[in-house]
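What follows is a walk through one structure, from its domains to the surroundings of its annotated sites. Please keep the sequence and the model in view while reading.

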Amino acid sequence: MSVSTFSEPAPSALLLLGRGVDLASERGVECVGGLPAPSDPDLVERARAARAALGSRAFVLGHHYQRDEVIEFADVTGDSFKLAREAAARPEAEFIIFCGVHFMAESADILTSDHQQVILPDLAAGCSMADMAAIDQVEDAWDVLVDAGVAESTVPVTYMNSAASIKAFTGRHGGTICTSSNAHVALRWAFDKVGGLGGTGKVLFMPDQHLGRNTAVQQLGLSLDDCVVFDPRKPGGGLTTEQLRDARMILWRGHCSVHGRFSVRNVTDIRAAVPDVTVIVHPECQHEVVLAADLVGSTEYIVKALDAAEPGSSWAVGTELNLVRRLAAAHPDKNIHYLDSTVCFCSTMNRIDLPHLVWAMESLVAGRPVNRIVVDADDAHWARVALDQMLALPGY
Ligand code: SF4
């Protein structure tokens with residue numbers, strides 16, 4: 001299977017930095033004030049001073065995929081859901097500064113109190129996967145399922161990596177959010193709602209086809225033939241009514257532009273080059289890559305696996321490069337490789353750099369918050385319903 005590509009940008013495709021400010025479109029913002037380069041000692045000093053001035057009024061969250069220069073100022077690091085919960089557990093913090101991407105800041109806004117403000121240092125830090133599912137497309141897709149007579153036996157399960165509007169859709173239609181750690185639990189819960197795994201009920205899984213497929217096949221025992229891909233750019237999703245009726249997993253045609261690039265060839269090459277290497281990959285990778293790897297799991301799973309690895313052991317890691325480099329630096333006694341040296345950093349994660357963080361913090365110190373992320377009340381309510389359903393799943 002080849003990596004999916006899109007010839008046309010999604011309606012909410014990310015826009016370039018330095019072209020002015022537009023909160024509604026996530027247009028990138030310029031740091032005003034001519035801030036120096038991230039490595040400039042003066043800038044590091046300004047970051048320390050601003051952080052100290054904010055004290056307990058601010059809480060800084062850093063996703064695992066963020067740059068080192070930013071992680072240095074994070075009060076806590078983790079994956080998207082861990083960070084959202086950390087934000088919710090800090091009601092005393094007036095400002096939540098989210099060093100991550102847009103959907104994460106939205107989730108933090110949904111899960112925190114009204115008096116707390118969530119700040120995203122650069123509004124252009126989106127997620128290409130989340131942008132592959134726009135709410136109009138999802139509403140149209142549901143209409144297709146209604147026309148095919150399968151909507152009543154379909155439960156939406158939506159990955160955390162999605163816009164708040166898609167999470168709200170999921171809440172309105174009785175579904176749940178999931179993470180890469182608990183996708184198998186969410187799928188079992190969803191199938192149980194519509195007759196169980198042995199029945200004919202379906203899951204509409206959005207927006208990452210790979211996580212949905214890998215989880216359904218590897219962990220629930222469904223077959224590849226049970227899975228169909230709904231392409232929002234094609235009439236009827238590119239599927240016949242019969243295909244929709246026969247399917248168990250209706251996978252949205254979305255993917256991660258970083259994890260989707262790892263290939264089986266990468267796995268073959270690293271096995272040939274490094275004796276006794278253990279290949280560990282994220283479930284956003286293509287199904288064939290997951291099959292070829294030794295271990296598959298979420299970002300937190302990968303971090304724990306490397307922490308627990310034997311000194312001297314060899315690993316090839318298929319996830320975002322900032323994290324792999326940090327793991328390699330933290331474990332000099334282990335032989336840690338990046339699965340494909342040609343795969344780049346997540347470009348949107350990398351938009352949060354030290355100049356933007358300093359700009360955001362100094363603006364807060366000056367009493368004029370910038371880049372606040374606010375989810376509208378109705379979407380926030382229904383997205384919270386879907387997030388709360390995830391929290392109610394076994395294991396949380
Ligand atoms: S690594 Fe992939 S899923 Fe994560 S923010 Fe970047 S594009 Fe989105």
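In what follows, Ala, Val, Leu, Ile, Met, Phe, Trp, Tyr, Cys and Pro count as nonpolar, Asp, Glu, Lys and Arg as charged, and the others, Gly among them, as polar. By that division, the shell around the ligand holds eight nonpolar residues, four polar ones and one charged one. The shell has 13 residues, and those that come nearest to the ligand are Cys127, Met129, Cys256, Val258 and Cys346. The model is a predicted one.

Domain 1 covers 23-127 + 348-365, domain 2 covers 130-255 + 381-391, and domain 3 covers 259-338. Taken over C-alpha atoms, the centres of domain 1 and domain 2 lie 31 Å apart. Where these two domains meet, nine residues of domain 1 are in contact with eleven residues of domain 2. On the domain 1 side, helices α3 (80-88) and α4 (102-111) each supply at least two residues. The most comes from α4, with five residues. By residue class, this side of domain 1 consists of five nonpolar residues, three polar ones and one charged one.

UniProt lists Cys127, Cys256 and Cys346 under "binding site", in an unreviewed entry. They are spread over 220 residues of sequence, yet they cluster in space, with a largest C-alpha distance of 9.3 Å. Cys127 sits in the loop between β4 (117-119) and α5. It counts as buried because 23 C-beta neighbours lie inside 10 Å. Not counting residues up to four places away in sequence, Cys127 touches Val101, His102, Phe103, Asn161 and Thr348. Cys256 is placed in the loop between β9 (249-252) and α10 (264-273). This residue has 26 C-beta neighbours inside 10 Å and therefore also counts as buried. Beyond the residues up to four places away in sequence, Cys256 touches Met129, Asp208 and Glu284.

In an unreviewed entry, UniProt places the feature "binding site" at ten positions, which are His63, Ser80, Tyr159, Met160, Asn161, Ser180, His282, Pro283, Glu284 and Thr299. Among them, Asn161 is one of the contacts of Cys127. Glu284 lies in the loop between β10 and α11. With 29 C-beta neighbours inside 10 Å, it counts as buried. Apart from residues up to four places away in sequence, Glu284 touches Ser180, Asp208, His210, Leu211, Cys256 and His259.

His282 belongs to the loop between β10 (277-281) and α11 (287-292). Is His282 buried or exposed? It is buried, because 27 other C-beta atoms lie within 10 Å. Leaving aside neighbours within four places in sequence, the residues in contact with His282 are Ser180, His259, Ser298, Thr299, Ile302, Gly318 and Thr319.

Over five bridges, β10 pairs in the parallel sense with β12 (residues 314-318). Within this sheet, Val279 stands opposite Ala316 in β12.

Just after α8, Gly221 adopts a positive phi of about 80°.

Glu152 counts as exposed because 9 C-beta neighbours lie inside 10 Å. His173 is 21 residues away from Glu152 along the chain, and their C-alpha atoms are separated by 9.6 Å.

Notes: Residues are numbered from 1 along each chain as its sequence is written. This is a predicted model: local features need pLDDT of at least 70, side-chain atom pairs count only at pLDDT 80 or more; totals for chains, interfaces and linings use all residues. Helices (H or I, at least four residues) and strands (E, at least two) are DSSP runs, numbered from the N terminus. UniProt positions are given in the numbering used here, feature names are shortened, and annotations may be inferred rather than shown by experiment. A residue is buried if 20 or more other C-beta atoms lie within 10 Å of its own, exposed if 12 or fewer, and partly exposed in between; C-beta atoms are placed from the backbone. Two residues are in contact if their C-beta atoms, placed from the backbone, lie within 7 Å. Domain bounds come from an automatic or database domain assignment. A residue is near a molecule or strand if its C-beta atom, placed from the backbone, lies within 6 Å of it. Two strands pair if DSSP finds at least two bridges between them.
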